[in-house]
Amino acid sequence: MKRGLDWFIVNIARRQSYLGRTCSRFCRLRLARRPTARLWSSCLSGNVPNAIYRQQSERHCHNYFGELLRLEAVRKYIEDLKEEYKGISNRLSSIQPHEEDGKSLSRRHVELAPLASLLEELQSSEKDLFELESMCNSLKARDDRELIPLVLEEQQQLSKIIAVLQGKLLQTLVQKEEHDDSNVILEVTAGRTTGGDICQQFTREVFDMYERYAHFKDWNFEVLNYTPADYGGLHHASACISGDCVYRFLKYEGGTHRVQRIPAVGLSSRMQRIHTGTMTVIVLPQIDETDIKVDLNDLRIDTFRAKGAGGQHVNTTDSAVRIVHIPTSLTIECQQHRSQLENRKLAIRILKAKLYKQAAEKDLEQRQSTRKLQVGTRAQSERIRTYNFTQDRVTDHRINYILRDIKELLCGGKQLDGLINKLLESAEKEAILELIETCNKGTTEGN
Amino acid sequence: MQGKIFFGCRVSLVSCFRAQSRCHNRSDRATFHWAASLTAPNKNLCRLVHETMTGANCVTHWQRIFEQNGISEPQYSSEHIISHVLGGKTIHSLAEKALTRPLTVEQKQMIWNLCSKRLQHVPVQYVIEEWDFRDLTLKIKPPVFIPRPETEELVSLVLSELAEEEDVLFSVGKTRWQNSQQAAHPLFLEIGCGSGAIVLSLLHFFKQSRAVAVDKSPEAVELTRQNAERLCVQHRLQELQLDVLSDSQKLTRICGLVDVIVSNPPYLFHEDMSGLMPEILKHEDHDALDGGADGLDVIKAILQLAPTVLKDHGKVFLEVDPRHPEMIQNWLQERASLRLTYRATHWDICGKDQQFLHKQGEAQRKLVTADQLDQPEAELRVRRPREEDCLISVKMLHKLQRQAESN
């Protein structure tokens, strides 16, 4: 609280024109300190009893989970899933494993297995709790002083365990996003600004940050494309990051990052004026080639030999390839390898990833979602994060989270990891809420 | 600004210029004075004491020099040579730090040596003594023929035909194997192996196949062996040095029967030889290029050899000049005794110039005369590539079916 006030006053003294913005930011900072129940209460549309809004601590969040689980819609959904699981287990035991159906069924079986096990655990713990309660009542009836506190203690422990299990159950209920496990093609592009080359410098720093983050997470970072700008900045670059669940962590990095700093060269640097620039990060999940079919009639492939003789007539080292996908007019250029065929293969891989991304974005547009954390069209056009070098502050606008120490963040280590984990948490929470809403919609429609 | 150099050799000053480092806001504002003597191609280039130079500077510097001297593809030449010295395959594979780090004396020496070779129109592949072909890196030495990008497509075609893959374009690694023994590990014969590009790609893909590689030049055979050892497939490859034009019977004796003959034979018309670029004319082996008056000398020799070494339903794959397919078809029709049916012409990716012929050898049991041939059954489907684009068009021109006589 005190920190907030100081910050507020300092800001007023500095930049009076931003008074309005700092005011609202200050309010949001207060809110950000209690992200859990308060946040939900602000976006929940009142399907849940008002009694919930009063509590604000973590413990009551678990109660909230419990309430959710007791909702009719959620219970019905869980029951349906349990039935499905049982049905699949029966079918799998009867049919041959190598049939087509068998594969999809076994996949679904694997998906539902953790859910089923959690449900069983939850049920057994609830049964234990129930037994304990009855034992407690009988003990009270007999007025046994010694055993009652023990029983109460056990009851408390059990309720804690049940709360945790309920949390896990809700998390598994939420559908995992399709391409969480896949590798990623990360592209960074410098934006435009009047402030000299801050965008290009910043793009380079961000690219290095992601490289170090990939190292930190033990992922493989392969640079596909690197176009430097003058004065040591970076114009655009792309890299292929492969490893465990890369897309899950990096999907919220896609979007426009805004930078505010004093440029190092030019007129503004001498006058010490702060300029604002942007850079975009695009994160594309890399799909298996079998997922997307590209018709080669739709492609126009340009190599060095657009006109003239070739083969034994010519000696060349130009193996650059440009592929134009005619229906969507997507253009991919590749000159990463010395072999023309390898360049072509790589370009087609990137083309497939981009085509998939386009198709996924279309899907997302059609989905009616009011959630803030969107990976896709809206996220690309709206700035997601601001890096203020003069004040040494990074703000993520989606969860209104503020970080200090930009240098530490640009090292791509624990700080960045922490920020990404926070984003993941809020995304999960939003997904759970969405799930509840759809469940409720289902029941209201059914009624 | 002018300057003079003394480096232990007599030089005459032609021009001298000064280059500035690219990174202005770095502390090393490196400028250096450099002078070159270019009066005679054999004189070495000399350099004055210079200050720090980075990889990036070198690239722009040498690119300018190549441009001024009319070397083809100045930027690519410069980039490839310098990234080779710095340990990368392409300039894009090197990190920015590697390019802005000051070069060591040995590196500068190496770059200057290699680039001066390039100034004499030596192809880049000979200068750095290696090149990539598909997913392999091969050692290349003059005067052995340098593998061309079009030949990569020839190999894709062979793989697609043998592994029943739909798209020639994509050459995806996933294949569905035929059940026959033949498809699992076919036996290859390559004629005119050069650096071994084609045969080694095939052996790399078919992990159990064996192959025979033949070339007229002893240097080529030696280079193929070295590359095979680098790729650890030498135990599956047999190299022979002989001339198919004269020693074809020897080849038949040693080789036995093979499933596939593949070749990128010399197919240039003799009259076109003089119009070639200096890189090829001065440094590559002319015997690997010149195919005689009509470019068909070696091709005809291969086709005449085919019946004696090819198994039943074996295939022949050739890279040829655009003018050749019709000529070859006519020639084959005159020589029914070869029992080869012309299968298809596949255009390369630009749809214009190179064509790959694909022929199939038929059963060798009986001699079939002309009037027993069936009429071509499929209709002719040809797509003309447009002038402004490069479209891929892989079409079967026609298919002949032949009935083998039964006992």
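The following questions and answers go through a predicted model, starting with chain A and then turning to chain B.

Colleague: How many helices and strands does chain A have?
Modeller: Chain A has 447 residues, of which 45% count as buried. Its accessible surface is about 24,200 Å², with 49% of that on carbon and sulfur atoms. The secondary structure of chain A comes to 14 helices and 11 strands.

Colleague: Which feature does UniProt place at residues 115-142 of chain A?
Modeller: In the model, this span of chain A is 100% helix and 0% strand. Its end C-alpha atoms lie 40 Å apart. The name comes from an unreviewed UniProt entry, which gives "coiled-coil region".

Colleague: Are the rings of A:Trp219 and A:Phe249 stacked, edge-to-face or tilted?
Modeller: A search over all chains finds 11 aromatic pairs. In the pair of A:Trp219 and A:Phe249, the ring centres are 6.0 Å apart and the planes meet at 50°. Stacked pairs need planes under 30 degrees apart and edge-to-face pairs over 60. The angle of 50° lies between those limits, so the pair of A:Trp219 and A:Phe249 is tilted.

Colleague: Where in chain A is A:Phe249, the partner of A:Trp219?
Modeller: The pair links distant parts of the chain, 30 residues apart. A:Trp219 is in the loop between α8 (198-216) and β2 (220-228) of chain A. A:Phe249 is in helix α9 (residues 246-250) of chain A.

Colleague: Is A:Trp219 buried or exposed?
Modeller: Buried means under 20% relative accessible area. A:Phe249 falls under that limit at 12%. A:Trp219 has 9% relative accessibility, so A:Trp219 counts as buried.

Colleague: Which residues form one aromatic cluster with A:Trp219 and A:Phe249?
Modeller: A:Phe249 also has the charged end of A:Arg248 over its ring, 5.3 Å from the ring centre. The cluster that holds A:Trp219 and A:Phe249 also includes A:Tyr213 and A:Phe216.

Colleague: Which residue of chain B has its charged end over the ring of B:Phe269?
Modeller: The charged end in question is 3.9 Å from the centre of the ring of B:Phe269. The residue is B:Arg323.

Colleague: Why is strand β9 of chain B largely enclosed by the rest of the structure?
Modeller: Strand β9 of chain B covers residues 310-320. Strand β8 (residues 258-263) of chain B runs parallel to β9(B), joined by five bridges. B:Val258 stands opposite B:Leu310 in β9(B). Strand β9 of chain B is largely enclosed because, of its 11 residues, the number buried is eight.

Colleague: Which residues does B:Asn227 touch, not counting those up to four places away in sequence?
Modeller: B:Asn227 lies in helix α9 (residues 218-230) of chain B. At 1% relative accessibility, B:Asn227 counts as buried. With residues up to four places away left out, B:Asn227 touches B:Leu138, B:Lys139, B:Ser195 and B:Leu200.

Notes. Residues numbered from 1 in each chain as written. Chains lettered and ligands numbered in written order. Predicted model: local features only at pLDDT ≥ 70, side-chain atom pairs only at ≥ 80, totals over all residues. Heavy atoms only, no water. Helix = DSSP H or I, 4+ residues; strand = E, 2+ residues; numbered from the N terminus. Buried < 20%, exposed > 50% of the residue type's maximum accessible area, 1.4 Å probe, protein only. Areas by Shrake-Rupley, 256 points an atom, 1.4 Å probe, with all protein chains shown as cover. UniProt positions renumbered as here; feature names shortened; annotations may be inferred. Pairing = 2+ DSSP bridges. Phe/Tyr/Trp six-rings, centres within 6.5 Å; stacked < 30°, edge-to-face > 60°. Lys NZ or Arg CZ within 6 Å of the ring centre and 35° of its normal. Contact = heavy atoms within 4.5 Å.
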